Amino acid sequence: MTTRVALVTGGIGGLGTEICKHLARSGRRVIAADLASRTERVAEFEREVAAYDGAIRFEPINVADFDACAATVRTVEANYGPIDILVNAAGITRDTTLRKMAPAHWRDVVEINLSGVFNTCRNVVEGMSERGFGRIVNISSVNGQTGQFGQTNYSAAKAGMHGFTMALAREVARKGVTVNSVSPGYCRTAMVAAIPENIRNQIIANIPVGRLGEPSEVARVVDFLCADESGFITGANIPVNGGYFMDF
Ligand code: CAA
């Protein structure tokens, strides 16, 4: 069987790390791509994945920069082979109500969370289409489905990711490439830990399952969508939110 090469942006983050581990356990060669400036976290990540015997490697990327994404894709493909799987898990929050939101809060979130998806997909999609195989998974958010107080920027970017996902899914459906999004709810990550405690407790009280999600509970869904056998699922959005938002 071919060893599939997977590029995971935000690969050293809360969800990204767990996604890398799941993909490696399923036999993929995984490249965790993230900001090189996060030196302490990069070192910690490398210790954390040492047990995977080189199946998970770090590469620097800045998803907000189109040319930097092109360069990372070239490096990865030269060193490890064509990218078969792309998981866009890079994301930031700059939570504040709209009346206080500075243009930079808007721009940073949209450029990283949404334009970042364009910047990576644009650089891998042609190769995937030519080879007749690809799996793209975009990590969106329940807050892109419901909107969230203090997140006009983030909710807009996350909802936008899903529109992008559906449109690209149609463009590449006949080329063996699937494009899906996964919309996590509130999970046990640093991003959620940063929410003020009283607000976080109110949110948890409204999750039917009664707790935060585990990153591994998101990662296993991503892994499933990335399988060779998942070729009939495309343009879908899979919620993993403990029942926080139910849609039909
Ligand atoms: N709904 C309605 N009213 C709310 C509210 C809510 N959810 N939250 C706060 N308010 C009210 C407050 O009670 C307060 O009312 P008063 O003015 O009458 O006192 C007012 O709105 C506060 O307004 P401010 O502009 O002063 O807001 P703030 O600076 O106090 O806090 C905030 C705003 C920083 C956005 C804060 O509400 C917050 O952190 N909220 C959580 C946002 C959140 O869930 N982020 C998710 C991060 S994790 C993630 O994004 C991962 C994922 O994908 C799930």
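I began with strands β4 (residues 85–88) and β5 (residues 134–139), which pair in the parallel sense over four bridges. I looked up one of the residue pairs: valine 87 has valine 137 in β5 as its bridge partner. The model is predicted, and I read these pairings as computed from it.

Next I traced the sheet that holds both strands. I found an open sheet of seven strands with parallel pairing, ordered β3-β2-β1-β4-β5-β6-β7. I noted β3 (56–60) and β7 (237–240) as the edge strands, each pairing on one side only.

Helix α1 (residues 14–25) lies across β1 (5–9), β2 (29–34), β3, β4, β5 and β6 (177–184). I have helix α1 running at about 170° to β1. Helix α6 (residues 152–172) also packs on the sheet, where I listed contacts with β4, β5, β6 and β7. The direction of α6 makes about 160° with that of β6.

How many cavities of 30 Å³ or more does a search of the whole structure find? I got one, and the largest cavity holds about 30 Å³ of space. I wrote down its lining as Thr9, Val63, Asn88, Ala90, Ile112, Asn113, Gly116 and Val117. Helix α4 (residues 103–131) gives the most to this lining, with four residues.

Technical notes. Residues are numbered from 1 along each chain as its sequence is written. This is a predicted model: local features need pLDDT of at least 70, side-chain atom pairs count only at pLDDT 80 or more; totals for chains, interfaces and linings use all residues. Side-chain values use heavy atoms; hydrogens and water are left out. Two strands pair if DSSP finds at least two bridges between them. Helices (H or I, at least four residues) and strands (E, at least two) are DSSP runs, numbered from the N terminus. Contact means heavy atoms within 4.5 Å. Axes are lines fitted to C-alpha atoms, for helices over the stretch in contact, and angles run from 0 to 180 degrees between N-to-C directions. On a 1 Å grid over the protein atoms alone, a cavity is a set of points where a 1.4 Å probe fits but cannot get out, and a pocket is an open set with protein on both sides within 12 Å along at least five of seven lines; lining residues have an atom within 4 Å of a point. Grid points are joined across faces, edges and corners, and a volume is the space filled by probe spheres set on the points.
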